[in-house]
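Here is a model to look through together, with an eye on what each label rests on. Take a look at it first, and then we can go through the questions.

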Amino acid sequence: MSNSETEIVVDDPTAPEADSPAVTSNRVVDVAVSLSLLALAATLGWDNWRTGIGWDSTGPQAGYFPFYLAVILGLASLYGLVAAFLSRKEEAETFVTRAQARRVMAVFVPTLLFCVVTQFLGLYVASFLLIASFMRLVGKIALWKSLLTAFVFTAAMFVTFDIAFDVIMPKGPLEAAFGY
């Protein structure tokens, strides 16, 4: 690279901050996920065993294939548990830092609220609120741009789904006030 060229250096936004404390280690997450999957496998196995896992005169019963998939899932979960407990390296490795968890929650919490708000206010109002708040709070975009973009996107979504294709979407009191 010659001296006349300018080098642009961009920081990695996913790089952990040096002073951010660890929230949990890889081992804890591996064990928690393996135990959750093992519980799911046990539930699915029991339910499919109850449904029937044998063969009858017409072939396999309804729970035959799902039961054995649950057994495979359970065995894989047990393998994950054993591997997590035997691994010395994963005990010391950080899975997520506090700063990383904060960034994840900045997306997860509004998305969860979007799902809840959709039940009461409908898809279009919830989408408007989600888009406008993400643009304003996370993206630090001007309020008028956030509101305009959210309105245009939501209106385009309404025209596309409700008017053009006549798709039934969750609606709330605002749509009911306009007769939709």
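**Labels and the values behind them**

Q: Which residues of helix H5 are buried?
A: In H5, the buried residues are Leu123, Tyr124, Val125, Ala126, Ser127, Leu130, Ile131, Ala132 and Met135. Buried means under 20% relative accessible area, exposed over 50%, and partly exposed in between (1.4 Å probe, protein chains only). Helices here are DSSP runs of H or I with at least four residues, numbered from the N terminus.

Q: What should I know about how this model was treated?
A: This is a predicted model, where local features need pLDDT of at least 70, side-chain atom pairs count only at pLDDT 80 or more, and totals for chains, interfaces and linings use all residues. Residues are numbered from 1 along each chain as its sequence is written, and side-chain values use heavy atoms, with hydrogens and water left out.

Q: Where is confidence lowest, and where is it highest?
A: The predictor's confidence in each residue is pLDDT, from 0 to 100. The protein averages 90, and 90% of the residues score at least 70. Helix H3 (residues 89-92) has the lowest mean, 73, while helix H6 (residues 143-164) has the highest, at 96.

Q: How do you know that the span of helix H2 agrees with its number of residues?
A: The expected span is 1.5 Å times one less than the number of residues. H2 (residues 64-86) has 23 residues, so it should span 33 Å, and its end C-alpha atoms are 34 Å apart, which agrees. H5 (123-138), with 16 residues, reaches 21 Å, close to the 22 Å expected.

Q: What does H5 pack against?
A: Its buried residues pack against helix H4 (98-121), H6 and helix H7 (173-177). Contact means heavy atoms within 4.5 Å.

Q: What makes up the largest nonpolar core?
A: A nonpolar core is a set of buried Ala, Val, Leu, Ile, Met, Phe, Trp, Tyr and Cys residues joined through side-chain atoms within 4.5 Å. The largest has 8 residues: Phe114, Leu123, Tyr124, Ala126, Leu130, Met157, Phe158 and Met169. H5 and H6 each give two or more residues to this core, and H5 gives the most, with 4. Leaving aside residues up to four places away in sequence, Phe158 touches Tyr124, Ile163 and Tyr180.

Q: Which helices supply the lining of the largest pocket?
A: H5, H6 and H7 each supply at least two residues, and H6 has the largest share, 4 residues. Among the lining residues are Tyr124, Phe158, Leu174 and Tyr180.

Q: Why is tryptophan 46 called exposed?
A: Tryptophan 46 has 51% relative accessibility, so it counts as exposed. This residue lies in helix H1 (residues 26-51). Its C-alpha atom is separated by 9.1 Å from that of alanine 70, 24 residues apart along the chain.

Q: Why do lysine 140 and aspartate 166 count as exposed?
A: Lysine 140 reaches 67% relative accessibility, so it counts as exposed. Aspartate 166 has 64%, and therefore counts as exposed. Lysine 140 lies in the loop between H5 and H6, and aspartate 166 in the loop between H6 and H7.

Q: What is the phi of lysine 140 and of aspartate 166?
A: Lysine 140 has a positive phi of about 55 degrees although it is not a glycine. Aspartate 166, also not a glycine, has a positive phi of about 55 degrees.

Note on methods:
1 Å grid on protein atoms, 1.4 Å probe; cavity = no way out; pocket = protein on both sides within 12 Å on 5 of 7 lines; lining within 4 Å.
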